[in-house]
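The following exercises are to be worked from the sequence and the coordinates. Each task is followed by a solution in steps.

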Amino acid sequence: MELDNLKSEYQNTDSNDSKSANELSKMRCSGSHPVLKGIKKQLIFESVLWTLILIVFYDFFDGHLRVFYWNVLLILSIVLVLLHNVLGFIVVKTPINDTSIKKSLKKYLSKIKRYSIASIVSRVLAVTIFMGFLTSNVVWNTHKHWVSLVIFITMIITQVYFLNKVWNKRIKKIENQMEILG
C-alpha cells in the first residue's frame, strides 16, 4: 500500500521540482538533503565560534583575573557544546533504514526531536556559564544586579525562542514529508 502511495505521489510531483534518480541517490549517500544541509551549516558555524572563544577566552576575557572554577566551567561548557555538535553530525549523517520509508522517517523524526531538545538545553547552559564567567568579577549593587538579571533573562528567552523556531521549522518539514507519504 505504501509503495502505491509513493508511486502516486511521485507521478504527481511537479517536473521542475522533482529530482533525478542520480540526484536522489547522491542525496541519500551524502546526506545532502536541504534540511540536513541547514543543520550541518548551523553545527559548523557554532563549532567554529565556540572553538574561537575557547582559544581566546583566557587572554581576551581576562581569564587570569577570574576565579579558577569559572575558567573550568567555561571550558567544560564549550567542550560540551562541541561534543554535542559532533553528536549532531552523527545524527544527521546516520540514516535510519527501516522496513519502509515512512517508518524510517518516523524514527528519524523522533531522533531529531530528542536532539533538538538537547541542542537547546546545551546552548542555554553554555550561554549561562559564559555570562557567569563574564560577570564573575563585577562588583554588584542592587541596580546592577536587577539590570543584569533582566538582560540575562531576555537573552535566554530570545535564544530559546529562535532556536526553538529553527528546530520546529525543520521538524515540520520532516512531518510534511511523512504526511505526503500517507
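**Exercise 1. Locate K40 and determine whether the residue is buried or exposed.**

Step 1. K40 is found in helix 3; helices (H or I, at least four residues) and strands (E, at least two) are DSSP runs, numbered from the N terminus.

Step 2. The relative accessible area of K40 is 17%, so the residue is buried. Buried means under 20% relative accessible area, exposed over 50%, and partly exposed in between (1.4 Å probe, protein chains only).

Step 3. G88 is 48 residues from K40 along the chain, and the C-alpha atoms of the two are separated by 8.1 Å.

The model is predicted: local features need pLDDT of at least 70, side-chain atom pairs count only at pLDDT 80 or more, and totals for chains, interfaces and linings use all residues. Residues are numbered from 1 along each chain as its sequence is written, and side-chain values use heavy atoms, with hydrogens and water left out.

**Exercise 2. Describe the chain as a whole: how many helices and strands are there?**

Step 1. The chain has 6 helices and 0 strands, and its elements run α-α-α-α-α-α from the N terminus on.

Step 2. Of the 182 residues in the chain, 31% are buried.

Step 3. A contact means heavy atoms within 4.5 Å. Among contacts between residues at least 6 apart in sequence, 80% join residues at least 24 apart.

**Exercise 3. Characterise E46 and R123 and list what they touch.**

Step 1. E46 is found in helix 3 (residues 34–60), while R123 lies in helix 5 (residues 101–134).

Step 2. E46 has a relative accessible area of 10% and is therefore buried; R123, at 3%, is buried as well.

Step 3. Leaving aside residues up to four places away in sequence, E46 touches N85 and R123. With that exclusion, the contacts of R123 are Q42, L43, E46, H84, N85, Q159 and L163.

**Exercise 4. At what angle do helix 5 and helix 6 pack?**

Step 1. Two packed helices are described by the angle between their axes and the distance between the axes.

Step 2. Helix 5 and helix 6 (residues 142–181) pack at about 170 degrees, with axes 10 Å apart. Axes are lines fitted to C-alpha atoms, for helices over the stretch in contact, and angles run from 0 to 180 degrees between N-to-C directions.

Step 3. The two helices are therefore roughly antiparallel, a term for angles over 145 degrees.

**Exercise 5. Which residues touch the most other members of the largest nonpolar core?**

Step 1. A nonpolar core is a set of buried Ala, Val, Leu, Ile, Met, Phe, Trp, Tyr and Cys residues joined through side-chain atoms within 4.5 Å.

Step 2. The largest such core has 31 residues, of which I39, W50, I53, L74, Y108, I112 and W167 touch the most other members.

Step 3. Helix 3, helix 4 (68–93), helix 5 and helix 6 each supply at least two residues of this core; helix 5 gives the most, with 12 residues.

Step 4. I39 touches V92, I112, W167 and R170, not counting residues up to four places away in sequence.

Note on methods:
Angles under 35 degrees count as roughly parallel, over 145 as roughly antiparallel, 65 to 115 as roughly perpendicular and the rest as oblique.
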